[in-house]
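Please have the sequence and the structure open while I talk.

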Amino acid sequence: MQILFLGAPGAGKGTQCKRVAKQLNIPHLSSGDLLREAVKAGTEAGVKAKSFMDQGVLVPDHVLIAMFRDKLSSPECAKGFLLDGFPRNLAQAEALDAMLKDIKKDLLCVVDLKVDPGLLTERITGRRVCTNKACLTPFHIKFQPPAKEGHCDTCGSTLMIRDDDKEELVAARLKTYNEQTAPLIEYYGKRSILKTINGDGEPEAIFTELLAALQSKCHA
Ligand code: AMP
């Protein structure tokens, strides 16, 4: 089962994608998490990516395309995958179409998680994430606080603020999304696989709605 999530930074994609992927037993491929891992590990891709991420703009397409081409053809993706954060512009979407053709798979459902733009900044700046790279569970100081302040409910590790979640970068990231990623809604809207979900409510209710949508769209 091949699923793709679209949504602005702060729409709650990370939280929902993690749960959906676990429920459907498919790998969650988050471009942001993969890039942050590469930055931490100091790989060639990570070194190239860092300066772009620090400015809230997109990392060059060839870095992401090479990263995802490797991933999608790996055995861990044989039964499907959930894409989160890739593609992020039209060139990447076209490259993804070509990759899927090569591995003889189709995207079964594209979810657009929509949130009132006025809420996004508060959602991003209040976000905290687990420092354990095998966990990376996201929290929010107001909307989804951990049981013990500063610690992950899942594994107990400390929580941190992502470098690019600081207020000064948020406007740049939202501008990048509106200019480059939002046009993908129309790109996938032309196929009958796009499903829009309102991401403004309670995470639990959104998760239930997502599963129902995936069941009807791709028999998840
Ligand atoms: P995210 O965690 O998805 O918000 O991504 C964090 C940052 O990683 C973005 O602001 C971009 O700089 C970079 N990034 C993530 N995915 C992509 C992508 N598909 N193409 C280019 N840059 C990306």
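**A walk through the model**

Start with Thr158, which lies in the loop between strand E6 (138-140) and strand E7 (159-160). Helices (H or I, at least four residues) and strands (E, at least two) are DSSP runs, numbered from the N terminus. Thr158 counts as partly exposed because its relative accessibility is 43%. On that scale, buried means under 20% relative accessible area, exposed means over 50%, and partly exposed is in between, with a 1.4 Å probe and protein chains only. Thr158 and Ile3 are 155 residues apart in sequence, and their C-alpha atoms are 31 Å apart in space.

Before going on, a word on the source: this is a predicted model, in which local features need pLDDT of at least 70 and side-chain atom pairs count only at pLDDT 80 or more, while totals for chains, interfaces and linings use all residues. Residues are numbered from 1 along each chain as its sequence is written, and side-chain values use heavy atoms, with hydrogens and water left out.

Now the ligand. How many residues surround the ligand? There are 16, and the closest are Ser31, Val57, Gly85, Arg88 and Gln92. A residue is near a molecule if one of its heavy atoms lies within 4 Å of it. Helix H2 (residues 31-41) gives the largest share of this shell, four residues. By class, the shell divides into seven nonpolar, four polar and five charged residues. Here Ala, Val, Leu, Ile, Met, Phe, Trp, Tyr, Cys and Pro count as nonpolar, Asp, Glu, Lys and Arg as charged, and the others, Gly among them, as polar.

Look at some individual distances. A nitrogen atom of the ligand is 2.8 Å from a polar backbone atom of Gly85. Taken alone, the ligand exposes 480 Å², and the protein buries 95% of that. Accessible areas come from the Shrake-Rupley method with a 1.4 Å probe; for residues, only the protein chains shown count as cover.

Back to helix H2, which holds Asp33 and Val39. The side chains of Asp33 and Arg36 are joined by a polar contact of 2.9 Å. A polar contact is a pair of N or O atoms within 3.5 Å; within protein, one must be able to donate a hydrogen and the other to accept it, and residues adjacent in sequence count only if both atoms are side-chain atoms. Is Val39 buried or partly exposed? Val39 is partly exposed, because its relative accessible area is 26%.

Next, the backbone. The peptide bond from Phe86 to Pro87 is cis, with omega near 5°. Pro87 is in the loop between strand E3 (81-84) and helix H5 (90-102). Asn25 has a positive phi of about 60° although it is not a glycine. Asn25 sits in the loop between helix H1 (13-24) and strand E2 (28-30), and it counts as exposed because its relative accessibility is 64%. Lys104, also not a glycine, has a positive phi of about 55°. Lys104 lies in the loop between H5 and strand E4 (109-114), and at 74% relative accessibility it counts as exposed.

Last, helix H1, where Thr15 is found. Thr15 is buried, because its relative accessible area is 19%. Thr15 and Leu136 are 121 residues apart in sequence and 9.9 Å apart in space, C-alpha to C-alpha.

That is the end of the tour. Questions, please.
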